[in-house]
Structures are given as C-alpha cells and as structure tokens.
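Here is a briefing on one protein chain.

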Amino acid sequence: MAEPSQLSQYIESFVDSSHSPGQQAASLEAIASLLKNNQLTIETLVREMEGYLTTVDNVIRSRGILLLGEVLVHLASKPLDDATVHSLIAFFTDRLADWRALRGALVGCLALMRRKSSGGMVSGTDAKAVAESYLQNLQVQSLGQYDRKLCFELMECLLERYPNVVASLGETLICGICESVDGEKDPHCLMLTFHIIEVLSRLFPDPSGALADVADGLFEILGCYFPIHFTHPKGEDVNIKRDDLARALMLAFSSTPLFEPYAIPLLLDKLSSSLPSAKLDSLRYLSDCTVKYGVDRIEKHVEAIWSSLKEVIFTSPESDLSFTSESLEGLDIPKNGIAAEALSLLQKLIVQNTKLSLDLIVGDEDINTIFNMISSYKNYHEIPSEIKQRLHAVGRILSTTAKASQVSCNRVFECFFGRLMDILRLSARNSSGQPDSDESILISKICNHGALYLSIQLLSACRDLIASSETILAASSHTEETWKSLLQSFSPSLTMAFCSAFICSSEDTHDADMYFGVKGLLVLATFPGGYLLISKTVFEKILVTFVSIVIMDHGKILLWKLALKALMQIGSFIERYHDLEKEPSYMGIVIEKIVSLASAGDISIPFPLRLEALSDIGTSGRSYMLKVVQGLEDAIYANLNEVHGSTNSAEIVTHLLRCYSDKMIPWMRCAKGFEEVLLQFAINIWNQIESSMVFSASQTNERGVLDALIKTMKLAVASYSEEKQTIIVQRSYNILLSTISFPSEELFQQERFQTAEVDNSSGRDEWVLSLFAAVIIAVHPQTHIPNTRAIISLFMTTLLKGNVAAAQALGSMVNKLDLKSTGGQTSSDCTLEEAIDIILKSSLWIFQKNNSSNIQAKITSVHDTGLNNLCNGVGSCTSLQIHAIVGFAWIGKGLLMRGHEKVKDMTMIFLQCLQSSGRANVSNQEKGVSENNYELDLHHSVMKSAADAFQILMGDSEQCLNREFHAVIRPLYKQRFFSTIMPLLQSLVMKLEPLSRRFVFRASAHIIIDTPLVVVLSDSKKIIPMLLDGLSALSNDVADKDVIYGLLLVFTGILMDKNGQEAVSDSAHTIVNCLIDLIQYPHMMLVRETALQCLVAVSRLSHARIYPMRTQVLRAVVKALEDPKRAVRREAVRCRQAWASIA
C-alpha cells in the first residue's frame, strides 16, 4: 500500500498551482500507477482528497476535482465495480453546476462515460442524470474554447453511447443542443457540433416528431456555416482542414429529410456563386442530400436541379478535346472538378427519378439546338469555340445519362442515335444483313465531326454500362433492348464511317479525323459479350485496319500512335474480360503480325518503331507477352549469330536487347510467373555463346552489342530465385571453364607484372568473361558460386585490361561473400577474409621485394610503399595503373557498402596517388628511371583516376551494387565514410603542391556531392571552405564542369537551410567572389544559371554581411544580362532585382 504521507505529497504537488506542469504531470502519473498496480484504491484516494474536493477555496477545489478526473482518464481500462462508478458519476454530475470547477467535472464525466462494459460502465439512469445536469447548468457558449470542446465531446458521447436514454428528453434535449452550438466558431468545436447534429437527427427520424418542430431553427444554425470559409492562422498547430469541416457539415445537412425544404434551395442558390469552392461544395452536398432525402422529397426539385446542373456543365471552361493517344482511354473526361461533380450528381438524379429526369433531358431546347447546329459544321476545327463548348457539354450529358441505367440508355438511343445516323447519312443493314451498296461511295463525304463525337460518346457510354453490369451475359441477354438492336443494325456502317475518317488520303486531314476514327473503331471493338453486338467480320476488319496503320503508316505519327494504343486497349480488354470468342482473332491478326516485325527485313517501318509496337502490344496481356517475348528472343538469337562482320546485325541486336531489358524484363518481373521464361533466355544466350567462335569486342558495333547483352543478362539473372540463379551460375561457369585458362599461381607471385601477360585473350574470351561477370553481379548473397578463389584471380587479371564488368563483379563478390565459414552450406567455398587476402597478396596490387606471406605486414606497409609497388607491379604503364585503380575502387565500394574495415586500407592507396608529384609526359629514359626507384611520380590521368575512385566509392551505381542486384547495404555507410575521410582530405590539401591539390579537391567534391545533404549541413562550417576552394580550383578545366555543377547544387541546398545560412554568413565575402566568377563560366550553362540562383539566395542573408558587396554584385550581373542563353538572362534579372532591393 502507498504511504499516506507519500500520497499526500503527490496530491499536493498536483493541486498546488505554483508547481511546474512537469511536476504536476509526474504526480498524476505516480497516483495513476499506484491505482493500476493495486497499491491504492479509489476509495482511499477519494477519502484522502476529501478536503480538496469540498473546500470553499475555488482554485484548490477546481484543481482537486481535475486531479480526480484525470486519474480516471488514466484508469480507462482498469475494472471498477458498479457502486464505485455510480458514486463517482453522481459526484461529477453534481459538480457540473460548479462553474469554477467545471473542467474537472467535464473530464471526470467523460472518463466515466467512455468506459466499456467489461470494466464497469455508467448506467442508463446515471447517464440521463448527466444529460439533465448538462442541459440545466451549462451555458456552453460562455465558456473558453477548451471547455466548450469538452462539453461537446460529452454531449457527443451521450448521444452515441446512450441514444435511447437521452432520446427520452425529447424537445428539451433538442433545444439545449441548439442553444449550445449556436454561434460556435472554433474549428475543433465545429467538427463536434456538426457531428452532434448529425447524430441528433438520426435519433429523431419521425417526420412529425420532436425534431420536426424545430428543424427550421436547427437548419438555420447549420446553414450559416455554408459554404465553409476557413481562415484559421496557418502558423497555428491545427489538424483540422477545410475539407474536414466541409464534409462534417455535409453529413449534418443530409442527416435528416426534414432539412430538405431549407437545404435544397440554399444549395441551388449557392451553386450560382462565383467562388469555385462554394460551387463545388454545393454540388457535393446536393449529391449527398439527393441520395439520402429520397425520391419523394427530391422529386419537386428535379427540374430546378437539372436547370442548375445544365448551366454548370454548359459553362465549364474546358472547350477543346485532346487529340493524343493518351486520351483514348477517356474521350472527354472533364478535368474540371466542378463539371465532374455536376455529372456525378446528374447520374444520381437520373437513377433516382428516371422518368422525370429523362423527360427533361430529352426535351431540353439547348440539347436539341446543338443537334440542329452540328450539321452546319463538317470539320471539328470549323466549329466556333462557344458552340464547341456546348457540344462537349451535350456529349457529356448524354454519355452520363446513357450510363445511368438500361432504361436511360434505351431512351437516349431512341431519341438521339437515329438523328446522329441521319446527320452522318448512314443506313442500317438491309434485309440481307449488309449496308446499302452505294454507302461506301458516299462514306468519304459524310464524316461530320460533331456527329462522330456524339456518336462515340453514346457508344462509349453503352459499352461502359455493359461492362459495369454484374455479368456481361446477363447484360447482353435482353434481346428487346433498343440500344442493342440499333447498334447491331448500324455497326457495319459505323465501322466504314470511322475508317473513312482517317483513311481518306486528302492532304487536309486533321488530327480530329484520325482521332475520331480510331476512337470510334476502338469503342466498337471493345464491346463486351463476344460477337453478340458486333459481328466477327466487323471486329476483324477493325483489327486489320489498325495493324495496317502500324505497319504501313508510320510517317503519320499521331495516327500511328493512336492505332497502336487502340490495339493495346483491345488486347487488354480481351484479357480482362476473358473474351474467348475474340481472342483467336486478336492472336491471329495482331500478335502474329506484330511479332513478325522483330525479324522481317522487307518492311519499311523503322526498327525502333517496330520494337515500340512489340513492347506495347506485349504489355497488354500475359498471353500476348509470352508470344512477343518468344518472337523477340528468336530475333535476338538469329541476329546474334551474324554480329561478327555485320554492322546491320549488330545494330539490330543492340536494339532488340535494349527493348528486352528496358521494356520486357521490368514488365515480366512485375507480372510474376515469368521466371522460367527469363531463365531459358539466359541459358539460350549462353548456349549460343558456347557454340560460336567469332565474337569480338574490338569493333565499336560489337562493343555495343556486348554492353546491351551484359545489361540484359544482369536484369534477367537478378529476377531469379536463388535456386534458378544457381543453375545459371553453374551453366555459365562450365562454359567459362571450357573457354578460358585460369591464371597460374606464379603469375600472382612474380615480382613484376607485364602488360603482355594480361592482354593475351581473344575477343570471344572477353564476351564470356564479361557475361559471366554480369551473372555474378546480379546473384543473391546466398547463391552458390563455385571455385571462388580461381574466379577472383581471373577477374583480377581481366580488370587490368579495362574490363569494368570484371571489376564490378569483384566488388559484388566481396560485398556478398560470407564473413566466416559456418561449416554448413554457404554461398561459396571462400570467405570474405580469404578473398581480401587473395586480392591484397597479389602482385597486381602490392609488391614486396621479398614476397612475404604476412598479409598484415603488407597492409601496414601500404602507406609507405604501396604506391611504388602499384607503379612497379603494373610496369609503370599508365593504362594498367588506371585499370588497377578502377578495380580497387569497385572492390572498395563493395566493402564500404557492407561496412567492412578493410576499405580504409584501400582508401589510403588512393590518397597516396593524390600526393604524387605528377608527370604529364614521361620519356622512355625517365620511364626507365622511374621503374628502378621509389620516387612517387604518376601521370596526371592516373591521379585523376584516383580522385574519381571516390566517385565510385560514394556514388549510387545502376550497373551493380544496388538493391536491384541484391547488394548488402549497411545503413548510413556514406555518412560514416564522409566523417572519416573528409578530415584527411582537408589536412592533405594544406601539404600539397597546387597541381596535386586540384585532384584532392576533385576527390573531396565527389564525396561532398554524393553524401546526403543533411550530413553535409551538420558539418557545413568545416565543409564550406573546402567547397569554395574546390569551386575555384576546378573552374579552369572543362573536364571538371560536371563536378562544378554538382558542388553548386550542394551549395544551393546549404543556402536553403537555416543552419546552412548561419554557416554561410561567416564566409559571405568569399562566397560572393566565387559565385561572381562562376556566372561567367564558359563551359556549362547550368553552372552560370545555378551560380546566379545562389547569389539570389545569398541576398537574403543578414544586411550587415551582404550590403558591402551590393555594388560589386550588381556590376558583375550586368554581363550576365547579355548571356546567349535565355535561362541565364532570366536568372540574371532576378538576381539584379534581389540585390538592387537591398537598401
């Protein structure tokens, strides 16, 4: 049990207002903890607090009652017996009359009222007493915001948890609520009041009950809030948004049909508002009220609602259609939210009051006027904008009406479809089932665009109505449907009309002709229900038309894209609805012809367009993708055999592989179930490589094929499971084993490593090695790799020839290898430590005169002799030195990403390269001297490669070592490397000559650019001087332009951050001078533009810092105003305005 003295201290601490809020909260938690742990009972607590609860001191009494209430909040889940609950609720009910202690009473009542039945809840009798006390004693609107909020929460709780009890209070309850909510303005409280009225309305549904007598007064309180105009201060932490308030008010409006006489006229009146938000809210409220008020109450308002809706739709600001392939999916879907909401309301109105609504629409003068006018304009572009706007409105109205129900669809087709056919001069089938014989002669003269547009709208609506039915069969089985018989009669003529819209060879054919023609045929082809509505002949004619456009009319870009998009949508439709009747036709006409494009050589269509058609058609369905992939693979295999010596075949297979990797593989990975297809593709590629002896990587065109093949192989292998990856690894390893001789142990132990020893393989060997490297890059860490030691040695020799894939594969291996052998099944026969041992012992990297086997000794000596040995080990050949550095960089990246400590030793080699004295050109005599001493003297290109190694280490690579290729990535690895290496580079800069210093700046720039900005900002005071020196040092060489731009982007991020601005202020003068130099940077427009943007940001720094430089900046910006690039001139104007405004 708690000690009385201790409990008294807790109580006193909370009650005493002189204590801090933290102390009061701690005391409350302590008391609640005692109660939860049964070290204290409620009865004991109340007895101990008796003096605080009954004292005449208003402050102490209010604090005491609040403490008891807050304690009960903390005990919401603790069971309490009924007697205790009754006693407590009676006490708090009585205290509702004590306005000085009201907050505590409200908190206590709420805590008890919200309790669940399993823990002891308030009885109905006690709840009624609470409600009566609430209504009798509380003048809610005279209270502060927080207390009003508690009052509303209490009433909400009473209405929701004790509806039958409080309903018995009848008119007293309703009037009390009206009084309490009237005039409320706080957003939080309004959310509660709107919900209270919503629940109250449901509580009294009787149209002649207690609520009916005060409905007008209650709605008067609600109506003054519409439309919601939310002007709450933005800086205040408020979670309530305008949309939340608007929705809560809408639910209150529609909560009872008793509000109908007042709500509908108000909403229709506000629908004419010039404020878009008010207009949109009116439509949404009308939609909700229309559904909830019911048919009988809305019927009297149908004509007024239709008139208002028509006005909104007709005055929608959208006046032009978008004739693009992307818009084929929806011909005229309104982008304007108001028009869309109006159409939605119209559809609900038609469903609810079908006959009355249809009579109004069919008999509307404005709609009939449009039908009379469209015959006067044959071409869409001839129609005046005002009439065009009304035409679109009529199209949307008729489409929405037809989609509402079968009845409305029949009525629209009866009244309007025949008129459209007359305008188009189309006839129904004759007795033989065919259109009139002379119709094909007239068809090219009757393409009235207005009528075509409206016809397509009706057809689309009819199709969507069928598709939305519960079953297509049920929707199509009503043979008496008017729209169905009309469509069957006119479908052949409509097909000819749509074809004629874009087949006509006249030079004045507009986008509208092509768009309406393709869209119309697409709608006809995508009617659900097989050939029930359009015949097989009509469907196949549509497919043939589209396919012929794709193959023959590639010069008409829009028509070509429209036809291809239409074929895709038809395929997707067949797949989605499992239309077994149409699928054979689609397969035979579309898929077979499109697949043949991959290998056909006598077709004029450009190859990239062929592949676009292939990939787009394939993505329209799984069964189509299988066919397309098979055709694409056959074309790859056929052209791969002809690559050597054939520039055309090399170009074709490169395009094919890019299509396969960029389009097919991503789609198959998302679709799932294509793993076997991708596995067989990789195996077939390896089989073809094995059987061919003529591959070469020396020719530029064949190099492109190899690069594309490497990318495709990586993406394919990365999508496999570990089991499938093991299969492809073993298969590729067997081919590698039969093709290439692995390097001997002596090669790695000799004191000198000559160029000839790494350049004795054939072009075919490079293909095999590169593709095997691609496989290794893409595997999971758990995938087994055979003979790992030999493969590591092989990659080490290969990368010295400049094979980057081998270097990346080595990096991937050290990234994914197991740290230690577990004795069980592992991913390889070599641990990470053993792999690093092999790499660092090799004479390719570090040569020791005595070839000591002590690896630790070698690592330790890196800082002293590593660079000399690197130079000597590769024979002081600049290209080999560069290749070795690149290889080391990828290996280091693999270690860095997994957080291995050995990356530090490799980093030190790069730093030593940066400290070389440098040599731009070396004579043969000087080269011989360099080979026999330990003076560090590297070619500038080698030093540049060492600097760029840091870009490899820190940059995100798409080629390897990423999540797609299952790399092991330790969180925050970039942050840790940044904090380790930057101090070393900063200290190194001070010791070096200017020539070497430039490469150190380049290295540090790569690190700064690729480090997350938040990390740079945390150390910005130290980084800014290095960043500015780097901008100055690198600005003279065009080769450094991308680095300059990257640094400026980082600097922009610093200037945009508050902490960064504080760091920048200390170096404002240096920064301005640097940026002034860069606004004249000749090698890249983006650098000049970004430098000016940075100057604008600098102008926002403290006045004392920047005012002295005002004249200097304005003078420099004058030159930028004459820059040949418009973007730079625009930023120069902004910069001049910003600095000129500094007074």
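**Overall picture**

Residues 24 or more positions apart account for 76% of the chain's contacts with a separation of 6 or more. The model is predicted. The secondary structure comes to 58 helices and 0 strands. Of the 1143 residues, 56% count as buried. The accessible surface is about 47,800 Å², and 51% of that surface belongs to carbon and sulfur atoms.

**Nonpolar core**

- The largest nonpolar core holds 395 residues, and Phe-253 and Trp-1139 have the most contacts inside it.
- Helix α29, residues 557-577, gives the most to this core, with 12 residues.
- Setting aside residues up to four places away in sequence, Phe-253 touches a list of residues that includes Phe-219, Phe-226, Phe-259 and Tyr-285.
- Other contacts of Phe-253 include Leu-222, Leu-266, Leu-267 and Cys-289.

**Aromatic pairs and cluster**

- A search of the whole structure finds 23 aromatic pairs.
- One of them joins Phe-226 and Tyr-285, with ring centres 4.8 Å apart. Their planes stand at 50°, so the pair counts as tilted.
- This pair links distant parts of the chain, 59 residues apart. Phe-226 sits in the loop between α12 (210-223) and α13 (242-253), and Tyr-285 in helix α15 (residues 276-293).
- Phe-226 is buried, at 5% relative accessible area. Tyr-285 is buried as well, at 1%.
- The rings of Tyr-380 and Phe-516 have their centres 5.9 Å apart. Which geometry does this pair have? With the planes at 70°, the pair is edge-to-face, because the angle is over 60 degrees.
- Tyr-380 lies in the loop between α20 (365-374) and α21 (385-404), while Phe-516 lies in helix α27 (residues 511-525). The pair therefore ties together parts that are 136 residues apart in sequence.
- Tyr-380 is buried, with a relative accessible area of 0%. Phe-516 counts as buried at 0% too.
- Phe-219, Phe-226, Phe-253, Phe-259, Tyr-262 and Tyr-285 form one aromatic cluster.

**Charges over rings**

- Arg-63 lies over the face of Phe-14, 4.4 Å from the ring centre.
- Arg-998 lies over the face of Phe-999, 4.7 Å from the ring centre.

**Ser-615**

- Ser-615 belongs to helix α31, residues 607-618.
- Is Ser-615 buried or exposed? Its relative accessible area is 1%, so Ser-615 is buried, the limit being under 20%.
- The Ser-615 side chain reaches the backbone oxygen of Glu-612 at 3.1 Å.
- Not counting residues up to four places away in sequence, Ser-615 touches Cys-659, Lys-663 and Met-664.

**Ile-776**

- Ile-776 is found in helix α38, residues 763-778.
- Ile-776 is buried, with a relative accessible area of 2%.
- Which residues does Ile-776 contact, leaving aside neighbours within four places in sequence? They are Ile-785, Phe-795, Ala-809, Ser-812, Met-813 and Lys-816.
- The C-alpha atoms of Ile-776 and Ile-728 are separated by 9.9 Å, and these two residues are 48 residues apart along the chain.

How values were computed
Residues are numbered from 1 along each chain as its sequence is written. This is a predicted model: local features need pLDDT of at least 70, side-chain atom pairs count only at pLDDT 80 or more; totals for chains, interfaces and linings use all residues. Side-chain values use heavy atoms; hydrogens and water are left out. A nonpolar core is a set of buried Ala, Val, Leu, Ile, Met, Phe, Trp, Tyr and Cys residues joined through side-chain atoms within 4.5 Å. Buried means under 20% relative accessible area, exposed over 50%, partly exposed in between (1.4 Å probe, protein chains only). Helices (H or I, at least four residues) and strands (E, at least two) are DSSP runs, numbered from the N terminus. Contact means heavy atoms within 4.5 Å. A polar contact is a pair of N or O atoms within 3.5 Å; within protein, one must be able to donate a hydrogen and the other to accept it, and residues adjacent in sequence count only if both atoms are side-chain atoms. Rings of Phe, Tyr and Trp (its six-membered ring) pair if their centres lie within 6.5 Å; planes under 30 degrees apart count as stacked, over 60 as edge-to-face and the rest as tilted. A charge sits over a ring if NZ of Lys or CZ of Arg is within 6 Å of the ring centre and within 35 degrees of the ring normal. Accessible areas come from the Shrake-Rupley method with a 1.4 Å probe; for residues, only the protein chains shown count as cover.
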